[in-house]
Amino acid sequence: MTEELPMKKPHTATTIGTHSGTFHCDEALACFMLKQLVEYKHSEIVRSRDTATLSKCDVVVDVGGVYDPALNRFDHHQRSFTETMNTVKPDKPWTVRLSSAGLIYCHYGHRVIAMVMGVDSNTHTDIIDKIYDKVYDNLIMEIDAIDNGVEMYDGVKPKYRIHTNLSSRVSQLNPQWNSEDTDTEHRFNQAVTMVGESFTGLVHYLQGVWWPARQLVQSAISERFEVDSSGQILILNKGGCPWKEHLFELETELSIETPILFVLYTDDASTWRIQCVPVEGQSFQNRLSLLPEWQGLRDKELSDVSGIADCVFVHASGFIGGNKTKEGVLAMARQTLNKQ
């Protein structure tokens with residue numbers, strides 16, 4: 001089995017680097033796990049995409065384009081990255097591509113579990129090994145798969161399962177078989193509070209976020225032929241809104257026959273994104289992906305290959321890309337359309 005990275009001598013002013021902007025479950029969990037370790041317990045988390053800033057960090061996750069455990073660099077977005085739990089630890093069976101959470105778990109997971117359990121990782125290896133496998137199988141792999149766009153099913157047998165839904169969380173509040181506290185009353189009250197918060201949170205979300213997003217998408221659909229004569233490219237007047245569910249519903253309600261393929265919007269850095277419309281609302285398969293020869297490329301290399309100025313990136317799976325200008329992402333959409 002591949003050995004985990006040894007504990008480094010703790011020192012003051014250590015930093016954990018990750019990307020700025022929209023955050024995801026994988027890097028949040030990666031940072032949490034690192035901060036369970038003695039050497040990173042008091043670390044500051046630095047969120048940036050600036051290369052110079054990240055180079056000063058003691059460890060960097062989910063950004064930087066480098067996977068090198070010896071340098072404490074744990075990104076998984078680069079085109080060359082193909083690591084799974086099985087390739088990092090050949091005695092493990094799992095073959096889902098790792099996210100930053102999976103990478104940190106691979107290299108530090110046993111120590112993290114020992115710290116959470118409050119036991120010595122060198123003397124409780126049997127239970128730590130078992131819990132390590134269960135945690136990966138029941139939590140981390142799900143996060144890896146979702147972050148990397150891995151379909152849950154490939155045929156009949158699922159590749160991974162989701163264990164963190166609200167029903168499971170409520171079930172876990174019940175007295176366990178080996179618990180001395182078998183009183184269900186206070187635990188039921190905890191469950192009521194939990195589901196109540198989820199319910200009211202959902203209502204407020206639908207009222208304040210979901211409905212305005214629907215209006216934004218509907219407006220973009222009505223103006224799509226002003227963007228491009230194909231009618232297959234949308235421009236959202238404000239980025240960051242949840243658009244997929246609305247797009248599918250409105251296509252049906254409005255009897256739109258020619259499918260919409262790309263949605264363009266600004267990110268929080270005021271640069272532009274082009275995102276492919278998936279086949280289904282929760283599918284990782286696109287109606288039309290960005291060109292294969294662009295996938296995994298960045299910056300000047302991408303601009304040189306595409307002939308489009310100011311390119312920022314195209315994801316390795318081709319579902320999203322970026323450009324510094326609206327004209328740039330529109331050119332990326334049109335070029336992809338013309339070559340389909």
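The structure is a predicted model, in which local features need pLDDT of at least 70, side-chain atom pairs count only at pLDDT 80 or more, and totals for chains, interfaces and linings use all residues. Residues are numbered from 1 along each chain as its sequence is written, and side-chain values use heavy atoms, with hydrogens and water left out. Helices (H or I, at least four residues) and strands (E, at least two) are DSSP runs, numbered from the N terminus.

- An open sheet of 5 strands has the order 2-1-3-5-4, and its pairing is mixed; two strands pair if DSSP finds at least two bridges between them.
- Strand 2 and strand 4 (67-68) are the edge strands, and each pairs on one side only.
- Strand 1 (residues 15-18) pairs with strand 2 (residues 44-47) in the parallel sense, over 4 bridges.
- Isoleucine 16 has isoleucine 45 in strand 2 as its bridge partner.
- Strand 1 also runs parallel to strand 3 (residues 59-61), to which 2 bridges join it.
- The bridge partner of glycine 17 in strand 3 is valine 60.
- In a regular strand, side chains alternate between the two faces of the sheet.
- Strand 1 is covered on both faces: Thr15 and Gly17 on one side, and Ile16 and Thr18 on the other, are all buried. Buried means under 20% relative accessible area, exposed means over 50%, and partly exposed lies in between (1.4 Å probe, protein chains only).

- Another open sheet of 5 strands has the order 6-7-8-10-9, with mixed pairing.
- Strand 6 (233-235) and strand 9 are at the edges with a single partner strand each, so one side of each has no neighbour in the sheet.
- On average, neighbouring strands of this sheet are turned by 20 degrees against each other, direction ignored.
- Strand 6 and strand 7 (residues 262-266) are paired in the parallel sense by 3 bridges.
- Leucine 234 is opposite valine 263 in strand 7.
- Strand 9 (residues 311-314) and strand 10 (residues 320-323) run antiparallel and are joined by 3 bridges.
- Phenylalanine 313 is opposite glycine 322 in strand 10.
- The hairpin of strand 9 and strand 10 has 5 residues between the strands, and glycine 318 in this hairpin takes a positive phi near 80 degrees.

**Helix 4 and its contact with helix 1**

- Helix 1 (residues 25-34) packs with helix 4 (residues 100-117) at an angle of about 20 degrees, and their axes are 9 Å apart. Axes are lines fitted to C-alpha atoms, for helices over the stretch in contact, and angles run from 0 to 180 degrees between N-to-C directions.
- The two helices, helix 1 and helix 4, are therefore roughly parallel to each other (angles under 35 degrees count as roughly parallel, over 145 as roughly antiparallel, 65 to 115 as roughly perpendicular, and the rest as oblique).
- The crossing of helix 1 and helix 4 is left-handed; that is, the near helix is turned anticlockwise from the far one by less than a right angle, whereas clockwise is right-handed.
- Residues of helix 1 including Leu29, Ala30 and Met33 meet residues of helix 4, among them Ile104, Tyr105 and Tyr108; contact means heavy atoms within 4.5 Å.
- The contact of helix 1 with helix 4 has 9 nonpolar, 1 polar and 2 charged residues. Ala, Val, Leu, Ile, Met, Phe, Trp, Tyr, Cys and Pro count as nonpolar, Asp, Glu, Lys and Arg as charged, and the others, Gly among them, as polar.

**Helix 4 and its contact with helix 5**

- Helix 4 and helix 5 (residues 125-148) have axes that come within 10 Å and cross at roughly 135 degrees.
- Helix 4 and helix 5 are therefore oblique to each other, and their crossing is right-handed.
- The residues of the contact of helix 4 with helix 5 divide into 14 nonpolar, 3 polar and 2 charged.

**Single residues**

- Valine 116 lies in helix 4 and is exposed, with a relative accessible area of 55%.
- The C-alpha atoms of valine 116 and leucine 37 are separated by 9.4 Å, and these residues are 79 residues apart along the chain.
- Asparagine 72, in the loop between strand 4 and strand 5 (73-74), has a positive phi of about 60 degrees although it is not a glycine.
- Asparagine 72 counts as buried because its relative accessibility is 7%.
- Serine 255, in the loop between helix 9 (244-253) and strand 7, is not a glycine either, and has a positive phi of about 55 degrees.
- Serine 255 counts as exposed because its relative accessibility is 56%.
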